[in-house]
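Hello,

Here is the structure I promised to pass on. Please open it first; my notes follow below.

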Amino acid sequence: MLKIISPIKNDFESLYLQVREKEERLYTVEEVRRLPHVPKGHPHYKEWEIRRLGLEGVLNHLNEREEIKSILEIGCGNGWFSAGIAEYFPEKEVTGCDLNMCELEMADKAFDFTNLHFIYADIFEELVGSDLNFDLIILPSSVQYFSDFDNLMSALWELTDEVHILDSPFYLEEDLEDAVNRTRQYYHNLGFPKMAKMYFHHSYEDLKKYNPEFLYRPPTGWRKKFARTPFPWIRLIKPRA
Ligand SMILES: C[S@@+](CC[C@H](N)C(=O)[O-])C[C@H]1O[C@@H](n2cnc3c(N)ncnc32)[C@H](O)[C@@H]1O
């Protein structure tokens, strides 16, 4: 069931959807139901293989975490990741939250598990200050859309004591400038230069004060080619007051 908690905003959504369409990342309901599995010749096959490993890692982890009963995914998009968790663990309540109505409607059409919920909500406005609370919050491939990491973490600590971030790049300080330039160039070449202003680069330095635990940290230098995925999987635990 899709619940609308926040007033609908279109500023980010319309540009984001145009970009996703150009990148061939908008899927039919049938395709969404099969994610992360896509045919071998699919333009994003390799990327989906990486995403599959991300989901499998989380499912394995949650297998050992019986005490986790409620999970919130921030930036759930078409819902495949939340649905993967909900299907595997019918006893856990999974909520996917996004500010993209088009993708949320797709999620709502594609999946129908009684323990799976989708909400249109702005975490900074309607969620923070609500009485909602989750045993775990997960951000798969979405942290790069939040401009201020500290601001994001402050909001998340109002909703949970445990955050997992995965399938998003984090950079060494010395690599940040190049990464920003690459993103600018990428969106310029794609024909959507404004999108570069909505994509943010976070560094390992940003994480430090949160005492991160790396459930996976990709190797650097020549070892990079042996990486299971190029993205770290980070667990952050709320400090005790
Ligand atoms: C790359 S998609 C990731 C979707 C999904 N988590 C996955 O693993 O495939 C990033 C999602 O973050 C959402 N997003 C960006 N900013 C957001 C915000 N402030 N609040 C909630 N969702 C946001 C976007 O609308 C988009 O659906």
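Start at Pro 36, which sits in the loop between H2 and H3. The model is predicted. The peptide bond between Leu 35 and Pro 36 is cis, with omega at about 10°.

Glu 24 is not a glycine, yet its phi is positive, about 60°. Glu 24 is in the loop between helix H1 (11-22) and H2. Glu 24 counts as exposed because it has 10 C-beta neighbours inside 10 Å. Asn 211 also is not a glycine and has a positive phi, about 55°. Its loop runs between helix H9 (204-208) and strand E9 (213-216). Asn 211 is exposed, since 10 other C-beta atoms lie within 10 Å.

Next, the helix pair. Helix H3 (residues 45-63) and helix H4 (residues 80-88) have axes that come within 10 Å. They cross at roughly 35°. The crossing is right-handed. On the H3 side, the contact uses Leu 55, Val 58, Leu 59 and Leu 62. On the H4 side, it uses Phe 81, Gly 84, Ile 85 and Tyr 88. Seven of these contact residues are nonpolar, one is polar and none is charged.

Stay with H4. Is this helix mostly covered or mostly open? Mostly covered: seven of its nine residues are buried. The buried ones are Trp 80, Phe 81, Ser 82, Ala 83, Gly 84, Ile 85 and Ala 86. Several elements cover them. Among the helices are H2 (29-34) and H3. Among the strands are E2 (70-74), E3 (93-98), E4 (116-120) and E5 (136-140).

Now the core. The largest nonpolar core has 45 residues. Ile 71, Cys 97, Ala 107 and Ile 137 have the most contacts inside it. H4 supplies the largest share of this core, five residues. Beyond its neighbours within four places in sequence, Ile 137 contacts Leu 72, Ile 74, Leu 156, Leu 159, Thr 160 and Val 163.

Phe 118 is in strand E4. Why does Phe 118 count as buried? Because it has 27 C-beta neighbours inside 10 Å, and 20 or more is the cut-off for buried. Phe 118 and Cys 97 are 21 residues apart in sequence. In space, their C-alpha atoms are 5.8 Å apart. Leaving out residues up to four places away in sequence, Phe 118 touches Leu 2, Cys 76, Gly 79, Gly 96, Leu 104, Ala 107 and Asp 108.

Last, the ligand. How many residues surround it? The shell has 16. The closest are Gly 75, Gly 77, Asn 100, Pro 140 and Tyr 145. By type, the shell divides into nine nonpolar, five polar and two charged residues.

For a quick tour, begin at the cis bond between Leu 35 and Pro 36. Then go to the crossing of H3 and H4. Move on to Phe 118 in E4.

Best wishes

Conventions
Residues are numbered from 1 along each chain as its sequence is written. This is a predicted model: local features need pLDDT of at least 70, side-chain atom pairs count only at pLDDT 80 or more; totals for chains, interfaces and linings use all residues. Axes are lines fitted to C-alpha atoms, for helices over the stretch in contact, and angles run from 0 to 180 degrees between N-to-C directions. Helices (H or I, at least four residues) and strands (E, at least two) are DSSP runs, numbered from the N terminus. A crossing is left-handed if the near helix is turned anticlockwise from the far one by less than a right angle, and right-handed if clockwise. Two residues are in contact if their C-beta atoms, placed from the backbone, lie within 7 Å. Ala, Val, Leu, Ile, Met, Phe, Trp, Tyr, Cys and Pro count as nonpolar, Asp, Glu, Lys and Arg as charged, and the others, Gly among them, as polar. A residue is near a molecule or strand if its C-beta atom, placed from the backbone, lies within 6 Å of it. A residue is buried if 20 or more other C-beta atoms lie within 10 Å of its own, exposed if 12 or fewer, and partly exposed in between; C-beta atoms are placed from the backbone. A nonpolar core is a set of buried Ala, Val, Leu, Ile, Met, Phe, Trp, Tyr and Cys residues joined through C-beta atoms within 7 Å.
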